[in-house]
Amino acid sequence: MKTITSVHNESLRQLSRLLSSAKARRESGQAVLEGVHLLDACLNAGGSPEAVYVPEGRLRRAEIQVLLARLPEDKITVVSQGALEKISALSGGEDVMSLIVCPLPGSLPQSGDCVVLERVQDPGNVGTILRSAAACGIRQVIFGEDCVDVWSPKVLRAGMGAHFLLALYPRTDLDVWRAGYRDPVRATALGGRDNRSVYSLDLKPASAWLFGNEGSGVSESMLDSADGTVHIPMIGATESLNVAMAATVCLFEQMRQRLHAQA
């Protein structure tokens with residue numbers, strides 16, 4: 001194992017840049033996982049971190065020892081007490097931090113189930129949508145160019161490991177994707193062409209779900225390109241749902257129908 005004692009170490013400086021800058025993450029193709037849970041999720045999915053930084057005071061803890069036993073020793077660096085405090089948002093710099101290479105996206109999906117996010121900005125919303133997609137068996141998630149960075153620390157924490165169960169396509173030109181996608185596209189909206197309740201649709205065939213910005217929803221151009229719009233019926237004075245909640249309702253209704261058809 002290597003050891004770092006100085007807060008000015010270049011490796012720690014790089015971690016700091018990756019934690020704070022989407023540009024640094026894009027240029028390097030790297031991101032940082034904060035905490036034991038995300039490292040465990042990465043390893044369980046077959047991932048291999050570039051480096052793992054362990055605060056000296058936590059090195060002998062049982063859960064840390066179990067994780068470290070799954071890593072090559074040359075990937076592990078022990079960091080002296082307090083050296084991570086300047087860069088980590090978690091636990092006063094007392095948690096494990098792992099450097100990973102962000103998986104490169106493959107060719108854009110031309111068919112099959114996928115979730116498409118347009119201008120969704122809140123990290124918590126994106127993380128929740130990733131978790132719901134993974135829980136419902138959807139493996140492809142496409143992000144428009146104006147979405148929050150999917151590899152940001154806040155999205156990673158909110159996703160709770162879902163990143164490693166999905167094929168992610170960040171910073172996508174949605175017009176290019178739509179031109180090549182062959183299955184139906186359903187956009188969530190309160191109105192629009194052929195607007196129907198999510199509970200009245202046959203959701204068993206493969207399709208793409210399109211969810212839009214927290215405030216303004218799906219753009220007019222993307223609504224026009226969709227095969228139809230979907231709304232979630234609500235009783236009472238509530239006008240709309242949070243985008244993450246709306247996505248969760250739609251995806252789980254789709255899964256419910258498919259499970260029922262298999263029964």
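In the largest nonpolar core, which has 42 residues, the members that touch the most others are Val115, Leu117, Leu130, Phe143 and Trp151. A nonpolar core is a set of buried Ala, Val, Leu, Ile, Met, Phe, Trp, Tyr and Cys residues joined through side-chain atoms within 4.5 Å. Buried means under 20% relative accessible area, with a 1.4 Å probe and protein chains only. Among the elements that each supply at least two residues of this core are β6 (114-117), α5 (123-135) and α9 (243-262). The largest share comes from α9, with 6 residues. Helices (H or I, at least four residues) and strands (E, at least two) are DSSP runs, numbered from the N terminus. A second, separate core has 16 residues, including Cys114, Val185, Met222 and Leu223.

The model is predicted: local features need pLDDT of at least 70, side-chain atom pairs count only at pLDDT 80 or more, and totals for chains, interfaces and linings use all residues. Residues are numbered from 1 along each chain as its sequence is written, and side-chain values use heavy atoms, without hydrogens and water.

From strand β9 (residues 185-188), Val185 and Ala187 point one way, Arg186 and Thr188 point the other way, and all are buried. In a regular strand the side chains alternate between the two faces of the sheet.

Arg25 lies in helix α2 (residues 22-28). Arg25 counts as buried because its relative accessibility is 7%.

Terms used: Buried < 20%, exposed > 50% of the residue type's maximum accessible area, 1.4 Å probe, protein only.
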